[in-house]
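Thanks for making time. I have one structure to go through today, and I will keep to what can be read from the coordinates.

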Amino acid sequence: MWRRYLMWFAQEHVDFRHAEMQSILSLFNIQIRYIEKPCIQKPYWIVELPSEDCLRKIASRSVLIKNCIELWSRARSEIQLHKNLQNSLKNTSGTWILQESMNGTSDLHVCPKEMIETYCSSKKTFKVDVETFCKHYTMTEKVKKIEGFSYLPLEGPVQLKNPDVTLSYIEFYGTDPNNVPEEPYDVFFGRWVVDGQRDLIQVHSLKKRHFIGNTSMDAQLSIIMANQAQVKSGDVILDPFVGSGSLFVSAAHFGAYVWGSDIDFMMLHARTRPTRVGQKVRTKEESIRANMKQYGIESKYLDVLVSDFSLPLWRDDLKFDAIITDPPYGVREPTEKIGIERDNYTLTDEHLVNHIPSKVEYGLPHMYSDLLNFAAKHLEMGRRLVCWYPLVREKYFSMGEITRRERKEKRAEEMAANAARKEKEYQNRISDNT
Amino acid sequence: MKLITHNMLTSKCIKGVLTGFPLAINATDIKIKEVDFNSEFITRVIPKLDWEVLWCAANSIGHSDGLPKTIEPKFEEDEEFLKKAHHVLLEIEVEEGHLTCPESGRQFPISKGIPNMLLTEAEVQ
Ligand SMILES: C[S@@+](CC[C@H](N)C(=O)[O-])C[C@H]1O[C@@H](n2cnc3c(N)ncnc32)[C@H](O)[C@@H]1O
């Protein structure tokens, strides 16, 4: 029987929510039914999945999911929710009693009796959590809300730390802290099943990482990229603009073996100026490899090479399972390749040792076209190139009279990651997320 | 540099070089670093390799001991072979030395385990 779940998301990087979820669902080949049409204004999805195992698989990857709850009831008000639950205890039909509407306005949401009773046995310890989204309640007020559920036939002892069953009551007051209504828009009750990968953001935090550079990718975005690339155990991935290797970390965490290259010799040898404020010299522990060791994924490190992406490096027939990269945009670092404007330039042998070649403008369109052609040639069929692409947005501000200002957005959060999927005919399609 | 990397690497960046493969290895410092064995990965990678090139590369740096010159049809069932391949592909590291282009003779230095495949601006003109 399909099961009904509430997936709660972080209200962050909302533009990537759909992309991350779609990538994970297709990676595991999981079917999903949307009970309510997802929209980014709401931090939750109500869905049905074929099994709890499917839900656990999704949660094992998603960094945007906070937690997942097996939904026992939902309603527009606290009173109706209690009514629904009380009716559930009498619902011996073995199925849900529902009145569904696609905009989610229905209040009748009665689960089968067994769903609740399975978790009420006297041998199972339990607790009830209360979460109020966008509104603060005191501990006493929360306890009072919990007491409202006393009609549930929970027979086991209460245990606050690691109980067998965690029940969850959620009140949703919208997402605008300046416009909080008196009564919640939506209330939910159910059994907590699993958390997403939010903890990984702290574990992989750049703040505690041995080696970082000026353009190291933030831990959360790196994880999203690895998910979009549908990285799985035993994959081989490439980052041709590897820098300090921040995209290696998330890909290797999910089991991929990693190759990288970068034009910057000093960067790969960790001899650039330290990135951290107040640090004078780089320590011995600072290298891409040392980062991998720090996270216990050194076995996934293949190699990094100093190489100019505008020139060929790999065997023609080499195929990667994914290319995950963050190319230079010419904003914080120039887009360049080896070259010189002068004609008939020669170097004497004595200059060759330790020579750092001069560079010329690579050009953004040229570089992206090289990247797409490279991906078309070197990706396994059906696999993906995930990269960032700079967009210049125009913003309009109105202050008194209307003034128009143009702003060049730096990048990262403001920019769209492009998942280019390799099609059969070697046609790459860049899909924009914004 | 690991031998799995060497097996995929070319010097095609050089003007006029057609295949640039395989590069000759000249190693002045080799280290053995333990890597977790993953038979699934090794099994997946072997068909992508040029096995003869791997054998010759390992041999040229004195590490071909016990490595068969050819792959058996049912290699994936032979755990001992997979472990040997794992060792040669992932655990032998050329720390210092250089690679030489088979067509042009151009040398690429390897320092602290990282090959430097950059050309000079004069070479890309
Ligand atoms: C946005 S940064 C990538 C940062 C990286 N994700 C990290 O973790 O540090 C872009 C990188 O591309 C490199 N780069 C610039 N031009 C290049 C070229 N022609 N070939 C290869 N790498 C290049 C730069 O040295 C820089 O490290």
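Predicted model: local features only at pLDDT ≥ 70, side-chain atom pairs only at ≥ 80, totals over all residues.

Start with the ligand. Which residues are closest to the ligand? Of the 21 residues that surround it, the closest are A:Ser244, A:Ser246, A:Asp262, A:Phe309 and A:Glu336. Sorted by class, this shell consists of 8 nonpolar, 7 polar and 6 charged residues.

Now the nitrogen atoms of the ligand. A polar backbone atom of A:Glu336 sits 2.7 Å from a ligand nitrogen. For A:Asp308 the atom concerned is a polar side-chain atom, 3.0 Å from a nitrogen of the ligand. A:Ile263 takes part through a backbone N or O atom, with a distance of 3.2 Å to a ligand nitrogen. How much of the ligand does the protein bury? The ligand taken alone exposes 600 Å², and 97% of that is buried by the protein.

Next, A:Glu48. This residue belongs to strand E3 of chain A, which covers residues 44-49. Is A:Glu48 buried or exposed? Its relative accessible area is 11%, and the cut-off for buried is under 20%, so A:Glu48 counts as buried. Its side chain has a polar contact of 3.0 Å with the side chain of A:Arg4. Leaving out residues up to four places away in sequence, A:Glu48 touches A:Trp2, A:Arg3, A:Arg4, A:Gln31, A:Ile32, A:Arg33 and A:Ile35.

On to chain B, and its sheet. Here 4 strands make an open sheet, ordered E1-E2-E3-E4, with antiparallel pairing. Strand E1 (24-32) and strand E4 (114-115) of chain B are at the edges; each has a single partner strand, so one side of each has no neighbour in the sheet. Inside the order, strand E2 (residues 92-100) and strand E3 (residues 107-111) of chain B are joined by 4 bridges in the antiparallel sense. Across that pair, B:Thr100 is opposite B:Gln107.

Last, helix H3 of chain B, residues 51-60. Its buried residues are B:Trp51, B:Val53, B:Leu54, B:Trp55, B:Ala57 and B:Ala58. What do the buried residues of H3(B) pack against? They pack against helix H1 (3-6), E1 and helix H4 (79-91) of chain B. E1 is thus also one of the edge strands of the sheet. After H3(B) comes B:Gly62, with a positive phi near 75°.

That is what I have; questions are welcome.

Definitions and conventions. Residues numbered from 1 in each chain as written. Chains lettered and ligands numbered in written order. Heavy atoms only, no water. Near = heavy atom within 4 Å. Polar contact = N/O pair within 3.5 Å; in protein donor to acceptor, adjacent residues only side chain to side chain. Areas by Shrake-Rupley, 256 points an atom, 1.4 Å probe, with all protein chains shown as cover. Nonpolar A, V, L, I, M, F, W, Y, C, P; charged D, E, K, R; others polar. Helix = DSSP H or I, 4+ residues; strand = E, 2+ residues; numbered from the N terminus. Buried < 20%, exposed > 50% of the residue type's maximum accessible area, 1.4 Å probe, protein only. Contact = heavy atoms within 4.5 Å. Pairing = 2+ DSSP bridges.
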